[in-house]
Amino acid sequence: MDSKANPLHPDFRLGVLGGGQLGKMLALAAGNWHLPLYVLDASRDFPAGRVTPFFTEGDFQDFDDVYRFGSRMDVITIEIEHVNTDALRRLEHEGKTIHPAPAQLDIIKDKGAQKLFYREKGIPTAPFQLFEGPDAIVAALRAGRISLPFVQKSRTAGYDGRGVSVIRNEESLGNLLPGACVVEEMVDIDKELAVIVARNASGQVVAYPAVEMAFNPEANLVEFLFCPAAVSPALEREAEALAIRVIEAYGLCGLLAVEMFLDKKGKLLVNEVAPRPHNSGHHTIDSCYTSQFEQHLRAVLDLPLGSTRMKSASVMVNLLGAEGHEGPAIYEGLEQCLAMEGVHLHLYGKSITKPFRKMGHATVVADTTEEAAGRARLVMEALRIVTDR
Ligand SMILES: Nc1ncnc2c1ncn2[C@@H]1O[C@H](COP(=O)(O)OP(=O)(O)OP(=O)(O)O)[C@@H](O)[C@H]1O
Ligand SMILES: [Mg+2]
């Protein structure tokens, strides 16, 4: 059998664009099968550099770097969607297997194109309009074509909540972000849910149990994640079915994290998706039969998908850099956390900490989410990521 046909053949090459924490955790999962994971990112000092020897230094947004790297691979995937899709398109044209496909990435990378896709496919999402920039938004507001409050999202500049501006009143119009954007109606949110689904080229599809995300209002980042989400069995089924509908609509192979809003009327709306392992699936490493990282490998390699069942309830907490600290990272309170039952620490190895930077996560497993949440709060209090400079 040639290496192309057998992903677990020693000569088989799976390449990943991006070597941050997601690339690192993918490489760790690949390590269980002794599958070499080839990674492209700017520096070997990034999180994945420590766990895979097959690291190429280069820019995943640069055509030549991606093309050269991809030419040496059998299958190419990503851990970040902001990559050079022109190079991926060329590689696809030359017969390389790329998951997610460049055309799917181009839709997902652009929040405007993504919203248009949901509208076209009849997938429920918050009502929206597209604009060229702040002047056009203000003009639409004056003409009564949109109304306050609303949520403005940069079409391409956003990440981790940074490209999102909530405009509540006339005074906050000064906070409008520059450039092409989506303006969405403000949803009256009851809960923010996420369902991770996976699909392989043979068409097999699986869904993980829905999780509930609780945000840090200051950083607009996920702070706690509860699994399972506290929703009725009927709503759980509805959320899973919606996520499956979304991955089928894209026809995508790999993982797809589907972020949803449950509004106060009990309606589910798709917010956005990520076509890769996602923060809302980190708990699966410690609390599910198959981690999201192994599942992504299975899906992009067209292997049988793993069971998504929970082994236990869990709460995941993102370990963020402390406010007022920027520089080489020091972890305070590690021993206290390790002494607690059911606490699984995952430190990414980023050398520099910054306020609210995601430096790691902890997953607490327990019999109930309430019990796990109590201990997750203790972890949050005990662990501080600071610098002594
Ligand atoms: N239409 C909306 N109505 C109310 N709140 C919203 C709306 N859109 C976004 N938000 C809030 O802003 C958060 C960030 O929005 P979104 O997920 O679109 O941005 P993001 O920058 O991609 O975030 P991330 O990368 O962290 O997922 C949401 O999780 C939600 O809390
Ligand atoms: Mg989001």
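## Strand β21 and its partners

In β21, threonine 363 is the bridge partner of histidine 344. The model in which this pair occurs is a predicted one. The pairing between strand β19 (residues 343-347) and β21 is antiparallel and runs over 5 bridges.

Strand β16 (residues 313-320) also pairs with β21 in the antiparallel sense, here over 8 bridges. Within β21, glycine 360 stands opposite leucine 319. Strand β21 itself spans residues 358-366 and is mostly covered, with 8 of its 9 residues buried.

## Domains

The domain assignment divides the chain into domain 1 (14-98), domain 2 (127-185) and domain 3 (189-386). Between the C-alpha centres of domain 1 and domain 2 the distance is 34 Å.

## The parallel sheet

An open sheet is formed by 5 strands in the order β3-β2-β1-β4-β5, and their pairing is parallel. Its edge strands are β3 (55-57) and β5 (97-98), each of which pairs on one side only.

Valine 75 has threonine 97 in β5 as its bridge partner.

Helix α1 (residues 21-32) lies across two strands, β1 (14-17) and β2 (37-41). Relative to β2, helix α1 runs at about 170°.

In helix α2 (residues 63-71), the buried residues are Asp65, Val66, Phe69 and Gly70. These residues lie on the same side of α2, because they cover an arc of only 120° around the axis. As a general point, an α-helix has 3.6 residues a turn, so residues three or four places apart point the same way. The buried residues of α2 pack against β1, β2, β3 and β4, and also against α3 (85-93).

## Nonpolar cores

The largest nonpolar core contains 99 residues. Those with the most contacts inside this core are Leu26, Val195, Val197, Leu256, Val258 and Met260. Strand β14 (residues 254-263) contributes the largest share, 7 residues. The core lies between domain 1 (14-98) and domain 3 (189-386), because both give residues to it. Apart from this core lies another, of 9 residues, including Phe131, Ile137, Cys181 and Val182.

Valine 197 is in contact with Val205, Val206, Ala207, Ala243, Ile244, Ile247, Leu256 and Val258, leaving aside neighbours within four places in sequence. In soluble globular proteins, nonpolar side chains tend to be buried together.

## Surroundings of valine 270

Valine 270 lies in strand β15 (residues 268-274). This valine counts as buried because it has 23 C-beta neighbours inside 10 Å, where the cut-off is 20 or more.

Not counting residues up to four places away in sequence, valine 270 touches Tyr118, Ile123, Pro124, Thr125, Leu242, Val246, Val258 and Met260. Two of these, Val258 and Met260, are also among the residues with the most contacts inside the largest nonpolar core. Valine 270 and alanine 126 are 144 residues apart in sequence, while their C-alpha atoms are 7.6 Å apart in space.

Notes. Residues are numbered from 1 along each chain as its sequence is written. Chains are lettered from A and ligands numbered from 1 in the order in which they are written. This is a predicted model: local features need pLDDT of at least 70, side-chain atom pairs count only at pLDDT 80 or more; totals for chains, interfaces and linings use all residues. A residue is buried if 20 or more other C-beta atoms lie within 10 Å of its own, exposed if 12 or fewer, and partly exposed in between; C-beta atoms are placed from the backbone. Helices (H or I, at least four residues) and strands (E, at least two) are DSSP runs, numbered from the N terminus. Two strands pair if DSSP finds at least two bridges between them. Two residues are in contact if their C-beta atoms, placed from the backbone, lie within 7 Å. Domain bounds come from an automatic or database domain assignment. Axes are lines fitted to C-alpha atoms, for helices over the stretch in contact, and angles run from 0 to 180 degrees between N-to-C directions. A nonpolar core is a set of buried Ala, Val, Leu, Ile, Met, Phe, Trp, Tyr and Cys residues joined through C-beta atoms within 7 Å. The arc is that of the directions from the helix axis to the C-beta atoms.
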